[in-house]
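This report covers a single protein chain, from its overall make-up to individual residues. Please read it alongside the sequence and the coordinates.

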Amino acid sequence: MRRLLPKWGERKVLRLGILLLAVGLTGIAVADSITGMAITMTLLSLGNGLANPSTLGSISLLSEANEQGAAMGVTQSMASLGRILGPALGGALYGTVAITAPFWASGLMAFLGLAIVIIIYKFIPEHGRVG
């Protein structure tokens, strides 16, 4: 990340990370071999590794200096809520719809997140503040 962000900027890394994350999540639903699953999990891991720091960095850059603590607190609270509700929703989909349903749903939500990032792309800072 230390080399990638200055070279590509927050916006491009965020977009790439969410795209890889979405493809990885959706790919779990369609992987039919151990090789396919290995490729899918690699994409998922890379996407998560790129998207999380870029998301937090973008939120920090979009927040006023005196509100960054509150913004990060809300961000982490929403992430915790997702870690609570996500498995419950995934389990319900798994049990009532299909084994692959949680991965289709999470991939769809990730693609929705990517669409939101594309829509607000021009508002996301390209690089961090200096000074």
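What percentage of the 131 residues of the protein count as buried? The share is 31%, where buried means under 20% relative accessible area, exposed means over 50%, and partly exposed lies in between, with a 1.4 Å probe and protein chains only.

The model is predicted: local features need pLDDT of at least 70, side-chain atom pairs count only at pLDDT 80 or more, and totals for chains, interfaces and linings use all residues. Residues are numbered from 1 along each chain as its sequence is written, and side-chain values use heavy atoms, with hydrogens and water left out.

**Overall make-up**

The protein has five helices and zero strands, and its elements run α-α-α-α-α from the N terminus on. Helices (H or I, at least four residues) and strands (E, at least two) are DSSP runs, numbered from the N terminus. Along the principal axes, the C-alpha atoms fill a box of roughly 50 × 30 × 25 Å. The accessible surface comes to about 8,300 Å², and carbon and sulfur atoms hold 70% of that area; the areas come from the Shrake-Rupley method with a 1.4 Å probe, and for residues only the protein chains shown count as cover. Among contacts with a separation of 6 or more, 69% join residues 24 or more positions apart, a contact being heavy atoms within 4.5 Å.

H3 spans residues 34-62. The distance from its first C-alpha to its last is 41 Å over 29 residues, close to the 42 Å expected at 1.5 Å a residue. The expected span is 1.5 Å times one less than the number of residues. In H5 (residues 101-119), the 19 residues should span 27 Å, and the end C-alpha atoms are 27 Å apart, which agrees.

The buried residues of H3 include Gly36, Thr40, Leu44, Gly47 and Leu50, and the buried residues of this helix pack against helix H1 (4-8) and H2. In H5, the buried residues are Ala101, Pro102, Gly107, Ala110, Leu114 and Val117; they pack against helix H2 (10-30) and H4. An α-helix has 3.6 residues a turn, so residues three or four places apart point the same way.

**Selected residues**

| Residue | Relative accessibility | Class |
|---|---|---|
| Leu50 | 13% | buried |
| Ser58 | 5% | buried |
| Leu16 | 27% | partly exposed |
| Ile84 | 59% | exposed |

Leu50, in H3, is in contact with Met1, Leu4, Val13, Leu16, Gly17 and Leu20, leaving aside neighbours within four places in sequence.

Not counting residues up to four places away in sequence, Ser58 touches Glu10, Leu14 and Ile124.

Leu16 belongs to H2. Beyond residues up to four places away in sequence, Leu16 touches Trp8 and Leu50. The C-alpha atoms of Leu16 and Leu46 are 9.5 Å apart, and the two residues are 30 residues apart along the chain.

Ile84 lies in helix H4 (residues 68-96). Together with Val74, Met78, Leu81 and Leu85, Ile84 forms a nonpolar surface patch with about 490 Å² of accessible area. Patches are made of residues with over 30% relative accessible area and no salt bridge, where like charges are joined within 9 Å and nonpolar side chains (Val, Leu, Ile, Met, Phe, Trp, Tyr) within 5 Å. A salt bridge is a side-chain nitrogen of Lys or Arg within 4 Å of a carboxyl oxygen of Asp or Glu.
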